[in-house]
Amino acid sequence: MIVEKTNIKDCFLIKPKVFKDKRGYFFESFHQEKFEKQTHIKTNFIQDNESMSNYGVIRGLHAQQGKFAQAKLIRVVQGKVLDVIVDARKDSPSFGEVYSSLISAENKYQIFVPKGCLHGFSVLENETIFTYKCDEFYLPSSEIGVYPLDEDLAIDWGVAKGEAKLSDKDVKNPTWKTFVSGIF
């Protein structure tokens, strides 16, 4: 696997080595020792999640805070997404920076999202299946979020204007400025 640094501290794009032949393909979707050797990050994933969504759905931007903060390893099993990470760690050298990458069933890329970063994705194909591993259990009372269409973040989600579909919860999340004013 090839592990590439991103502009966000401790956030990595992972490109697995895929073996293809006439029967199909094979790849290691995760190997803890190889991951730790290349990233110098020790993690123990304890929960897997999966969602299926159609074109235009935007999920995020979400994180958990405090001792329940989650690191995540995300990938797409079917379809394609634009995955987005925003560094919300106030002491991070990359605080406030945004990273995005196209990940798909075709390219099999994965992204390691460090604790304290907001995460979201937009769905670019119908019936996209998105999965991720977490190193902490989900706890609703520790969840935080930012409105994904906030003009100050200026994220191009790759979804046609007027076709973005957000949950009621995400529509009610604070803007980046409001969020930041609450963490300082």
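Helices (H or I, at least four residues) and strands (E, at least two) are DSSP runs, numbered from the N terminus. This is a predicted model, in which local features need pLDDT of at least 70, side-chain atom pairs count only at pLDDT 80 or more, and totals for chains, interfaces and linings use all residues. Residues are numbered from 1 along each chain as its sequence is written, and side-chain values use heavy atoms, with hydrogens and water left out.

View 1. His62 sits in strand E6, which spans residues 58-64. Is His62 buried or exposed? His62 counts as buried, because its relative accessibility is 18%; the cut-offs are under 20% relative accessible area for buried, over 50% for exposed and partly exposed in between, with a 1.4 Å probe and protein chains only. The His62 side chain makes a polar contact with the side chain of Asp170 at 2.6 Å. For a polar contact, a pair of N or O atoms must lie within 3.5 Å; within protein, one must be able to donate a hydrogen and the other to accept it, and residues adjacent in sequence count only if both atoms are side-chain atoms. Not counting residues up to four places away in sequence, His62 also touches Lys72, Cys117, His119, Glu143 and Asn173, among others; contact here means heavy atoms within 4.5 Å.

**View 2. The open sheet around E6.** Here five strands line up in the order E9-E8-E11-E6-E13, with antiparallel pairing, to form an open sheet. Two strands pair if DSSP finds at least two bridges between them. At the edges are strand E9 (98-104) and strand E13 (143-145), each pairing on one side only. From one strand to the next, the twist averages 25°, using axes that are lines fitted to C-alpha atoms (for helices, over the stretch in contact) and angles that run from 0 to 180 degrees between N-to-C directions. E6 and strand E11 (residues 117-123) pair in the antiparallel sense over four bridges, and Ile58 has Ser122 in E11 as its bridge partner.

**View 3. A cis peptide bond in the sheet.** Gly60 and Leu61 are joined by a cis peptide bond, with omega at about 5°. Leu61 belongs to strand E6. As background, most residues other than glycine have a negative phi, and most peptide bonds are trans.

**View 4. Two nonpolar cores.** A nonpolar core is a set of buried Ala, Val, Leu, Ile, Met, Phe, Trp, Tyr and Cys residues joined through side-chain atoms within 4.5 Å. The largest one has 18 residues, and Leu61, Val86, Leu118, Trp176 and Phe179 have the most contacts inside it. E6, strand E8 (80-87) and helix H3 (176-183) each supply at least two residues of this core. There is also a second, separate core of 16 residues, which includes Ile8, Val81, Ile85 and Phe121. Leaving out residues up to four places away in sequence, Phe179 touches Ala88, Leu118, Ile144, Gly145, Val146 and Pro174.

**View 5. Helix H1, one face in and one face out.** Phe35, Glu36 and Thr39 are buried in helix H1 (residues 32-39). Looking down the axis of H1, the buried residues fall within an arc of 95°, so they line one face of the helix; the arc is that of the directions from the helix axis to the C-beta atoms. Glu33 and Lys37, on the other side of H1, are exposed. The cover over the buried residues of H1 includes strand E1 (2-5), strand E2 (12-15) and strand E10 (110-113).

**View 6. Two residues with positive phi.** His40 has a positive phi of about 65° although it is not a glycine, and is found in the loop between H1 and strand E5 (47-53). Lys108, also not a glycine, has a positive phi of about 60° and lies in the loop between E9 and E10.

**View 7. Strand E7 and its two partners.** Strand E7 (residues 72-78) runs antiparallel to E10, joined by four bridges, with Ile111 in E10 as the bridge partner of Ile74. E7 is also joined to strand E12 (residues 128-134) by six bridges, again antiparallel. Leu73 has Lys133 in E12 as its bridge partner.
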